[in-house]
Amino acid sequence: SPLQSPWLDPPSFGSFFRKKMLSSALRRSHRAVLASAVTLARPTAVGALRTLRTAAFANPSSTVAHRRALGGVGTARMMATDANAPYKNIIVERKEEEKVLIITLNRPKALNALNSGLMSELIDALEKADANPQVSCIVLTGGEKAFAAGADIKEMASKSFIDCYKENFAWTWQAVSKTRKPIVAAINGFCLGGGCEVAMMADIMYAGDNAKFAQPEITLGTIPGAGGTQRLVRQIGKSRAMELCLTGEMMGADEALKLGLVSKVFPAAETIPEAIKTATKIASMSQMSVEMCKEAINQSYETGLQQGLLHESRAFWSTFATKDQKEGMGAFVEKRKPDFKDC
């Protein structure tokens, strides 16, 4: 290893250059070792950003819409969320001025099939985003052909019941729904099985006009395992959810909009820009109030009416202990734009 070479000891360098006692061959060898050491010693952030750029452009078929969207909304510089840990299966970028994080699922050859590596990276990126005060809202997206075509069948085909039980298989995915900051899902192409389940863990779902939704697990001799039988019923009703889960058939974007699975449908090329636009608007609000509001709405989704109303009232009252509430109402009275400080 070049980093272990005695030629990298600083006194050796000085002696080498002062006395000129080495042959030209050794000098060439020394320069090569030094060059290797410099390369290895470059700051990890530089390497991480290079990895990020390479990942973004290595698979053009999956990232054309992604790059077009990121270039077309705002001019803020992009950077990795965690420069010391570049990801292999996702692209993570941040619009600094807007405080918006964009996570792109990036396994295009597998239509973004959700394997353990991708899901681990996604959960890690979301946890880092939650802890990052420079991130206020998250956009989750995939490629032009597929948001995610489901869980990775090759990875799970040979699993036994014991394997699934011990690994908490797919249960760990619920961490996506526990993210405190809002997630806007921008969905183009196939959104099937586990992909549809992950999309439903987002707080707002936008669909491109080419989006296709389905829970086709029944055709593989199994059933949805990451929320498909639960969240889908709550979002589109029992009858249609039962029909989709028992037949495995697909549902288009227009029907998904009609039934309330998604809130808006756009031409596919506009899905990501529109999601970023909404995320930017959310990020401009008081972040404490945003997170409290998300939590209260989720309570209505997950508990009874009276419990939800009580939670809402307490959250509402608690906002009056914040400076942002005073700033927001004061700005309204004074007819000016509020300047929230998230405190």
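Is arginine 336 buried, partly exposed or exposed? At 37% relative accessibility, arginine 336 counts as partly exposed, where buried means under 20% relative accessible area, exposed over 50%, and partly exposed in between, with a 1.4 Å probe and protein chains only.

This is a predicted model, in which local features need pLDDT of at least 70 and side-chain atom pairs count only at pLDDT 80 or more, while totals for chains, interfaces and linings use all residues. Residues are numbered from 1 along each chain as its sequence is written, and side-chain values use heavy atoms, with hydrogens and water left out.

## Overall build

The protein chain has 15 helices and 10 strands; these are DSSP runs numbered from the N terminus, helices being H or I with at least four residues and strands E with at least two. Of the 343 residues in the protein chain, 43% are buried. With contact taken as heavy atoms within 4.5 Å, residues 24 or more positions apart account for 65% of the contacts that have a separation of 6 or more. The protein chain exposes about 18400 Å², of which carbon and sulfur atoms supply 59%, the areas coming from the Shrake-Rupley method with a 1.4 Å probe and, for residues, only the protein chains shown counting as cover.

## Nonpolar cores

A nonpolar core is a set of buried Ala, Val, Leu, Ile, Met, Phe, Trp, Tyr and Cys residues joined through side-chain atoms within 4.5 Å. The largest one has 48 residues, and those with the most contacts inside it are Ile103, Trp173, Ile187, Met205, Phe213 and Leu261. Helix α5 (residues 116-131) gives the most to this core, contributing 7 residues. A second, separate core of 15 residues includes Val100, Val139, Ala279 and Val290.

Leucine 261, once its neighbours within four places in sequence are left aside, is in contact with Met200, Met205, Phe213, Leu232, Gln235, Ile236, Met251 and Ala256.

Ala279 of the second core is also among the buried residues of α12, which are Thr271, Ile272, Pro273, Ala275, Ile276, Thr278, Ala279, Ile282 and Ala283. The expected span of a helix is 1.5 Å times one less than its number of residues; for the 13 residues of helix α12 (residues 271-283) this should give 18 Å, and the end C-alpha atoms are 18 Å apart, which agrees.

## Salt bridges

A salt bridge is a side-chain nitrogen of Lys or Arg within 4 Å of a carboxyl oxygen of Asp or Glu, and by this rule the count comes to 13. Three of these pairs are set out below.

| Pair | N to O distance |
|---|---|
| Aspartate 203 and lysine 294 | 2.9 Å |
| Arginine 336 and glutamate 327 | 2.6 Å |
| Lysine 341 and aspartate 339 | 3.1 Å |

Aspartate 203 counts as partly exposed at 32% relative accessibility, whereas lysine 294 is buried, with a relative accessible area of 11%. The partner of arginine 336, glutamate 327, counts as buried at 18% relative accessibility. Elsewhere, Arg240, Glu243, Glu249 and Glu255 are linked in a network of salt bridges.

## Surface patch and loops

On the surface, Ile218, Ile223, Met242 and Leu246 form a nonpolar patch with about 370 Å² of accessible area together; patches are made of residues with over 30% relative accessible area and no salt bridge, like charges being joined within 9 Å and nonpolar side chains (Val, Leu, Ile, Met, Phe, Trp, Tyr) within 5 Å. Leucine 246 lies in helix α10 (residues 238-247) and counts as exposed, at 54% relative accessibility.

Most residues other than glycine have a negative phi. Lysine 99, although it is not a glycine, has a positive phi of about 60°, and its place is in the loop between β1 (90-95) and β2 (100-105). Glutamate 97 is also found in the loop between β1 and β2, where it counts as exposed at 65% relative accessibility. Glutamate 97 and valine 135 are 38 residues apart in sequence and 9.8 Å apart in space, C-alpha to C-alpha. Alanine 170 likewise has a positive phi, of about 75°, although it is not a glycine; alanine 170 is found in the loop between α7 (161-167) and β5 (183-187) and, at 8% relative accessibility, counts as buried.
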